[in-house]
Amino acid sequence: MADKRRQKILIADDSEMNRSILADMLGDDYDIIEAENGKEAVKILQKQEAQIDLLLLDIVMPEMDGFGVLRAMNDFRWIENTPVIMISAESAPARVQQAYELGITDFISRPFDAVVVHHRVVNTLLLYAKQKKLMNMVTDQVLEKEKQSALMIDILSHIVEFRNGESGQHVLHIRTLTELMLKHLNQMSNRYNFSKTEISLISTAAAIHDVGKIAIPGEILNKPGRLTDEEFAIMKTHSEMGARMLEALPAHQNEPLVRRAYEICRWHHERYDGRGYPDGLVGDEIPITAQVVALADVYDALTSERVYKKAIPPEKAVEMILDGQCGQFNPLLMDCLREMAENIPAAMKNNEVRDWNDQNMLLNLAEDVLQREEMSASDRTLQLLEHERMKYQFFADMSQEVQFEYKVSPPSVTISEWGARHLGLDEIIYDPHQDEKVLATMSRESMEKLADLLSKSTPENPIVDFDSVIRVRGGERWMKIIARATWSKEEPPVYTGAIGKAIDIHETRVKMAALEEMAAHDTMTGLYNHKFAKMRIQDMMARKPDSNFALGIFDVDHFKQANDTYGHMFGDQVLIHMAKTLKRNMREGTVSARVGGDEFLLFFEYREHVDLAINRIFNSLIGTYENFPISVSMGVAKTQMLGTDYDTLFHAADQALYAAKRGGRGQFRFYDGDSCETLSLISPIDGDRQTEAEQDGRESDGKEFKDGSGTDDNQTERKGL
Amino acid sequence: MIMTLQECYAALEGDYEGVMGRLRTERLVQKFVLKFLDDGSYDLLTRSMESGAYEEAFRASHTIKGVGQNLSFNKLYESSHLLTEALRAHDIEGAAPLYEQVKADYAQTVAAIREYQASL
């Protein structure tokens, strides 16, 4: 018993008493897990459905009742693999019937008898175990049988090819071509409707179309040159020979594979116009199987190299066939070939790479098994699924992405293992919209926005791209969420959930922001550049169209002189100094920028006394830098007078600046609308303010450089000190 | 004074033969009878009846009924069964006297079990 896993029973009942009575009855023989309401039961099933062998389910429970659990089990298809015994005092026939309809295996009414419960549990588990075992046995047998017959056919057809001195590719080609053509025929017309099984059967049978060649003497079979009429007559017998061989089989005459193989062997050299051999059948007297293989045979013969000929390019081969150079074929097949022609070479290449042996067969079989619902629980399928899951998990882990799957009903999110670890969330979250941990990770607003985007997608256009801030381990990070909404197959389609992933784009996003920031700034002074300042200013005015704003432009008096005399390095230092001084002295909310050269801009909102504000800034800008005396000329324009058009304001401020310069520099002027001649002139420096400049002996009205000459000797001397 | 489990069942007007028939051993029956004292369903019933949370009262009553049924506490089972059905039908008026009955039966049941417990 030691090697046998104890079976696990989940008991869902809101009464602790009831749970423990049941646990007590069964605990000796089984592992017991308990859930105190339906929601908890679903959570446990989500996590370990595969390990739970039986569910004992109560009906009346808080949060979610037993019927809710059954519905969830149907939605997730757990009901197919996990037997449910319902235990309840609710014995109203309608309720019991409803429970059976939802897939329960058994119903025990209260008060329950310990022995009865025990027996029913044992029986149910046995029944399910037996069913699983039977399913596995059937699968094994099917597998074994297919494996053997495919193997025999492979051996047989390779013997034929070996005698032919061919590469072994011909069999493979015929098989592939036949399969492709049958599939395409299905698409083109309703006439044949080959099932998957039939297609597989016919293409397998096609592999032995030339089995009769085994009876043809090797000298004829492998003669490099043209065959004589006599030799050709012998060669032609191979189709009939093959058919006779199959006919002579002592058993299996009624096997579909043998019957298809017979048709193909005997008639794959017949032609639609009756000019083929051995029987000269006409039109649809020739079985469609043989018609398809005949066409495949001709196509492959043309496009492959043989002892007596070189390979012909596929397009040319199709042209020759359609042209009737290789005999007449069914017009439908000709159309089929014409439509497929382009895709054949690629499809053939694909198949060459594949190994036609066990692996491929296993996959085909697995596909078949998956399609057969009653086998969906076989261990082999589970193994394949497990393999898929492992693969998925591995790639998910490697990719460092948070991958998730969302279901609308019942609302739940499954997160990849790595993702859940990364975000500090559970892998499976029931009712994520209400989950505190989820809400701490992604804001409700973002979640609703994402849900909204997904539900508004369409089946044709299901992909949604959404950037959101996600809290990861206490820090906020930008993540890009790419999700694909899933829609049901019914008409009209219903939105059922989504799959997707979240990629951390924080670094990229921060880098982008830094680049944007950089692009917005003047590299030397760190102030905004003109373009960006203009945007900001327009934005500010648009937000508060009724406020008063002032825009000032100033430049450094005699800056050219500083540049010329002390070099550009020094000039740059002066500009940096100006920017620093400006930043230090402007109020919060003021936009400042270097407009170009030594010209700066400032822009701010004011309530009243704009002149005082300007005066304060103006005075703060006056001083010295490395003994170079600094003063500025400034022009100011007000929205109060000019409105909020940026260019108008800028132009007016520029005109006022010009007037200030003409007025002798070292001063500021307001644009007053009429002409620059009548602009008001305000004493730039208050008498009560002592500056370094004054201590340096400059005149307090800042008109030291009133002659405005760019080559002031005085300056040169000062610096020279 | 010594009280047997059978006498305890008599005191709470339950079916001793019935419960022994289903749960098989006295050990098991004793275990759950004593455990009944810790069951929170009655508290929940009292709280929800008094606050008018009848959905919750229905579930609590339903649970008491289930437990009573499993342990063959017939008297308590009967009254809680009636209460459950009244609450299921949203018959609040009708539920009031039934609730009183459940209260009385519960008190009787608990008193009997306590006495039994004390004599162990």
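In this predicted model, chain B contains seven helices and zero strands. Read along the sequence, the pattern of chain B is therefore simply α-α-α-α-α-α-α. Chain B has 120 residues, of which 42% count as buried. Among the contacts in chain B with a separation of 6 or more, 56% join residues 24 or more positions apart.

Chain B meets chain A through 18 residues of its own, which are in contact with 16 residues of chain A. On the chain A side, the largest share, six residues, comes from helix 1 of chain A. The residues on that side divide into eight nonpolar, three polar and five charged. Helix 1 (residues 16-26) of chain A and helix 5 (residues 54-70) of chain B have axes that come within 9 Å and cross at roughly 35°. Here M17(A), N18(A) and I21(A) from helix 1 of chain A meet G66(B), V67(B) and N70(B) from helix 5 of chain B. The residues of this helix contact comprise three nonpolar, three polar and no charged.

The chain passes from strand 1 of chain A through helix 1 of chain A to strand 2 of chain A, in a β-α-β crossover that is right-handed. Strand 1 (residues 8-12) of chain A is mostly covered, with four of its five residues buried. Five bridges connect strand 1 of chain A with strand 2 (residues 31-35) of chain A, and the two run parallel; within this pairing, I9(A) has I32(A) as its bridge partner. Strand 1 of chain A is also joined by four bridges to strand 3 (residues 54-57) of chain A, again running parallel, and A12(A) is there the bridge partner of L57(A). From strand 3 of chain A, three bridges reach strand 4 (residues 84-88) of chain A, which runs parallel to it, with L56(A) and I85(A) as bridge partners.

Taken as a whole, this is an open sheet of five strands in the order 2-1-3-4-5 (chain A), with parallel pairing. Strand 2 and strand 5 (106-109) of chain A stand at the edges; each has a single partner strand, so one side of each is left without a neighbour in the sheet. From one strand to the next, the twist averages 20°.

Leaving aside residues up to four places away in sequence, L56(A) touches I9(A), I11(A), L22(A), I85(A) and I87(A).

R120(A) lies in helix 5 (residues 114-164) of chain A. Why is R120(A) buried? R120(A) has 20 other C-beta atoms within 10 Å, and a residue counts as buried at 20 or more. Beyond residues up to four places away in sequence, R120(A) touches I85(A), D106(A) and I108(A). R120(A) and I85(A) are 35 residues apart in sequence, while their C-alpha atoms are 8.5 Å apart in space.

Further along chain A, six strands form an open sheet in the order 8-7-6-11-10-9 (chain A), with antiparallel pairing. Strand 8 (428-430) and strand 9 (463-472) of chain A are at its edges, each with a single partner strand, so one side of each has no neighbour in the sheet. The twist averages 20° from one strand to the next. Strand 7 (residues 412-415) and strand 8 of chain A are joined by three bridges and run antiparallel, with S412(A) and Y430(A) as bridge partners. Helix 2 (residues 38-48) of chain A lies across strand 7 and strand 8 of chain A, at about 160° to strand 8 of chain A. Helix 19 (residues 444-455) of chain A also packs on the sheet, touching strand 9, strand 10 (475-487) and strand 11 (495-504) of chain A. The direction of helix 19 of chain A makes about 165° with that of strand 9 of chain A.

Technical notes:
Residues are numbered from 1 along each chain as its sequence is written. Chains are lettered from A and ligands numbered from 1 in the order in which they are written. This is a predicted model: local features need pLDDT of at least 70, side-chain atom pairs count only at pLDDT 80 or more; totals for chains, interfaces and linings use all residues. Two residues are in contact if their C-beta atoms, placed from the backbone, lie within 7 Å. Axes are lines fitted to C-alpha atoms, for helices over the stretch in contact, and angles run from 0 to 180 degrees between N-to-C directions. Ala, Val, Leu, Ile, Met, Phe, Trp, Tyr, Cys and Pro count as nonpolar, Asp, Glu, Lys and Arg as charged, and the others, Gly among them, as polar. A residue is buried if 20 or more other C-beta atoms lie within 10 Å of its own, exposed if 12 or fewer, and partly exposed in between; C-beta atoms are placed from the backbone. Two strands pair if DSSP finds at least two bridges between them. A crossover is right-handed if, with the strands pointing away from the viewer, the path from the first strand over the helix to the second runs clockwise.
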